[in-house]
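Reader: Hi! Could you walk me through this one while I have it open on my screen?
Author: Happy to, just ask away.

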Amino acid sequence: MANPSNTSGTQSQQKRQKISLRQFFFLIVQTQIGVGVLTLPYDLQKAAGHDGWISLLLASLLLQIVLLFFWLLAKRFPDKDLPQYTEKILGKWAGKVTNLFFSIYFIAVAALVLVLYSRILKLWILPETPKFVVVFLMIMAGIYMVCCSVTVMARIYTLLSGLLVMLFIALLYVLTEIQIVYLLPIGKAGWTNILNGINAGVLSFLGFIIILFIYPFVQGNDKQKLKTIFFSHWFVLVFYLYTLFVTFGFFGPEEIKLVPSPVLYSLKAFEFSIVSRLDMFFLSIWVVSVSTSFTAYLFMAGTTFTRILNAKSSKHFFIWSAVLILAVTYIPGEGKEDVEKFGSMILKFGYLFSGILPFLLFIVALLRRKRTQGSDTK
Amino acid sequence: MGYRRRRSEQNKNLDDLTGSTNKKEPKQPSFSKLSDNIDYLTQALMLSSDLKVRILQDGTAAILFFESLADNEQMQEQIFNPIEQGKWGSISELPHGSHTEDLEESLKNLLQGHAVFIEDGNKKLTQFSVTSVFNRSVEEPDNEKVVRGSHEGFVENLMININLIRKRIQHRDLIMRYFKVGKKTNTNIAIAYMDGIADPKLIDEVVRRIETVTADEILSPGYMEEFIEDSTFSPFPQVLSTERPDRVVANIMEGRVALIAEGSPTVLILPATFFMFYQSPDDYNSRWFSGTFIRLIRLMSFVIAIGLPAFYIAIIAFHYEVLPFDLIIPVKSSINDIAYPPLIEALIMVVLLELIRESVLRLPAPVGQTIGIVGGLVIGDAIVRAGLVSNLMVIVVALTAIASYVVPSHELSTSLRILTFPLIIMAGTLGFVGIVFGMMFIIIHLSKLESFGVPYFAPVSPLRLKDLKDTFVRLPLYLLNTRPKDARPQKMKSMGKSREWKNRGKSK
């Protein structure tokens, strides 16, 4: 009788928190799909025109390899999360410094998520509401979601994933109006542009680093976990491709250049007999998606801080991280350029922290033959 | 009446077993002199006026009882008739009397309504259970009526309630355990569960929590609920209370624990999950199509009850553009002349409705009806004509009220109406975004909540697809062949193949 959550007690909390493969899947998916989904087609077409979907595909192939390394890294430490084994691999102090950088990165990304989200809300729904109100609400929701345990977070993420279906269905209406011609001829943009587009593609997938935090909590063997990681990756890819096709097919190559959030504009064009302005509902559901990505980063930042200071309870660190995030959201200005500059700067660090750094960690671990005791015998 | 004696014996045994409730009880060996015994008892009871001492056998014996508790007819029948018929020589020899040499124990039994017979020169005290019982009949509870199925309901007597359960589960695995809670009220409570189905850890946890209750009085299961539930700072009830034996039995068979208290017809079922509040015995008595349909309507009522006014306010105050073109003019014309913003309008209406509801509930039925008419029709009509509240708002709030009463459980229906308020305020200040955040907080809260270590929002969060067959829908009973996992039953399978006859018929 598997009965992991009955006895109360804090010391064994790590051990009894277990999440299923399905919850693992949705945790990854919900972290990845977030703020970016509204602007993704615009960003991709800027680089590669209507061939942006090829860039996206190539980016996903590239990430497939990165994910494999993530898995190899996580597999070596089956009961530890990223900040724990950074310290183990690099030694105590070097590890702590690296972790500090990691946490700064997570806080910056979380702040960026909030900045973009509050901007879109300001443009679309609440032009008069101060930024602080919407940001504060999001932070409160994030703290409330994160402040219990990974198990609860996984439950909530799985539940909220039902809303992705609604996003999917909403876009189905647009799908009836698309013109396949707009996507032809394939490869018109030229290979250099398509390769340039990979950048925007990769950035839209960022968030998969949550794997390294959640991995030890997941029930199942390593092979099943790898499968789940790949499935979630493909799921996100399919979801993105779907939005790309819908928006590219709906707007056409000339029009889309003028539309910064094509997903919303395409929905705005429709009117139904029950409701007009489907985009309002889409946006409301999107807020939930944003909250899940934000919470994931908040979770990672808080966990990293906890590990750096070797604290037992991470509750306070979540709140402190949230306060820091709130402060960081005021660093960039309100203007479009400021936000974009802030965004592109932080996202460039994404390559370092969600790609290069974990990869290096893996190499060092391989060279120094570091792994959790006991897993050798398995 | 025989069970009463049995119960006191069982209590004794249980107290020996658990050892904790009565450990510190004082003991007082009885005296051999009659007057000493009587003095001790009457002094202990402070010469309470309803304590009667009847002297028998020319002053060599006495019988003590509370005239308010003991039944004269029963005393006659149990004690004096056998003596008069000459079958037994002395009252202390009567076979249905229980004996003790502890005055404290007989004191306790006196308070339960026993008559205590004391003889001079004999340390042995003989007790007879002659309690007078005033029971109402096992009628159908008013607030949980069903169309088909059993119309029995629990009453205020613990033994009758247990009898109603035992009659429905005639199996040796059905276990009852007695407890005494309330230091002054000495309320008897019992827990019932199925051995081999209910999780032993759950039973231990329930027992542990019951035993830590040290309050002076436990008047109703509502007291127990607040002492033993997980988070009291949650609007959602985490213990299901019901007055229907069939509902209790169904839940016991799923591996849950029922808590029955003396003096109240309400039985608590723990652990409870959110969706249990939306199940009604009616679902299982009707065809599964209609059961499913009605359950879906009920769950829809949850969304309407907490979301509809907020949604309406968000549209009126923020998102006019969401309305289709043809609807804009009628809506606009209806709210154009209203002086107050929609938020205030809604609050007026919702508070008014709660006032009417509460007053109708407290008043005797004929007056209540009048208030209902005055409140509902007169005020409802006049408030619109006066231009305080718009037509549409009246419709919205009325719908919400109806939706909140659809829930088969009274507690949850109250929580739903309370949850409407924060959502109205969120919607009135932030529109759709406010609703989204409000709903998100509710969903996060529901997912976090646990009742006795069992996730409250199961089987939706954590998701368990297999258990959804009895959550949003009700599939035919032969497909419900496993117990829901949320109560962690030890035996998942609840039936074998029960429609085999069909295949067999075909093959032959």
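Reader: How many salt bridges are there between chain B and chain A?
Author: The count between those two chains is 1 salt bridge, meaning a side-chain nitrogen of Lys or Arg within 4 Å of a carboxyl oxygen of Asp or Glu. Before we go on, this is a predicted model, where local features need pLDDT of at least 70 and side-chain atom pairs count only at pLDDT 80 or more, while totals for chains, interfaces and linings use all residues. Residues are numbered from 1 along each chain as its sequence is written, chains are lettered from A and ligands numbered from 1 in the order in which they are written, and side-chain values use heavy atoms, with hydrogens and water left out.

Reader: Which residues form that salt bridge?
Author: Glu450(B) pairs with Arg155(A), and their closest N and O atoms are 3.1 Å apart. Side chains of opposite charge can pair when their charged atoms come close.

Reader: And what area is buried between chain B and chain A?
Author: About 3,300 Å², with carbon and sulfur atoms giving 69% of that. Buried area here is the accessible area (1.4 Å probe) that two parts lose on being put together, summed over both. The interface has 37 residues of chain B in contact with 39 residues of chain A, where contact means heavy atoms within 4.5 Å.

Reader: How many salt bridges turn up over all chains?
Author: The search of the whole structure finds 27. One of them joins the side chains of Arg307(A) and Asp81(A), at 2.9 Å from N to O. That pair links distant parts of the chain, 226 residues apart: Arg307(A) is in helix α14, and Asp81(A) is in the loop between α4 and α5 (82-90). Helices (H or I, at least four residues) and strands (E, at least two) are DSSP runs, numbered from the N terminus.

Reader: Since α14(A) came up, at what angle does α9(A) cross it?
Author: Roughly 150 degrees, and the axes of α9 (residues 162-175) and α14(A) come within 10 Å. That makes α9(A) roughly antiparallel to α14(A). Axes are lines fitted to C-alpha atoms, for helices over the stretch in contact, and angles run from 0 to 180 degrees between N-to-C directions. Under 35 degrees counts as roughly parallel, over 145 as roughly antiparallel, 65 to 115 as roughly perpendicular and the rest as oblique.

Reader: What residues meet there?
Author: Leu163(A), Met166(A) and Tyr173(A) are among those from α9(A), and Phe282(A) and Trp286(A) are among those from α14(A). By class, the contact of α9(A) with α14(A) has 12 nonpolar, 1 polar and no charged residues. Ala, Val, Leu, Ile, Met, Phe, Trp, Tyr, Cys and Pro count as nonpolar, Asp, Glu, Lys and Arg as charged, and the others, Gly among them, as polar.

Reader: Where do α4(A) and α16(A) stand to each other?
Author: Helix α4 (residues 52-76) and helix α16 (residues 336-367) of chain A pack at about 45 degrees, with axes 10 Å apart. The two helices are therefore oblique to each other. Their contact includes Phe69(A) and Arg76(A) in α4(A), with Pro358(A) and Phe362(A) in α16(A).

Reader: Switching topic, which peptide bonds are cis in chain B?
Author: One joins Leu270(B) and Pro271(B), with omega about -5 degrees. Another runs from Ala458(B) to Pro459(B), with omega near 0 degrees. Pro271(B) sits in the loop between β10 (267-270) and α9 (281-285) of chain B, and Pro459(B) lies in the loop between β12 (454-455) and α16 (500-507) of chain B.

Reader: Last one: what is phi of Asn310(A)?
Author: It is near 50 degrees, a positive value in a residue other than glycine. Asn310(A) lies in the loop between α14 (278-308) and α15 (315-328) of chain A. Most residues other than glycine have a negative phi, and most peptide bonds are trans.
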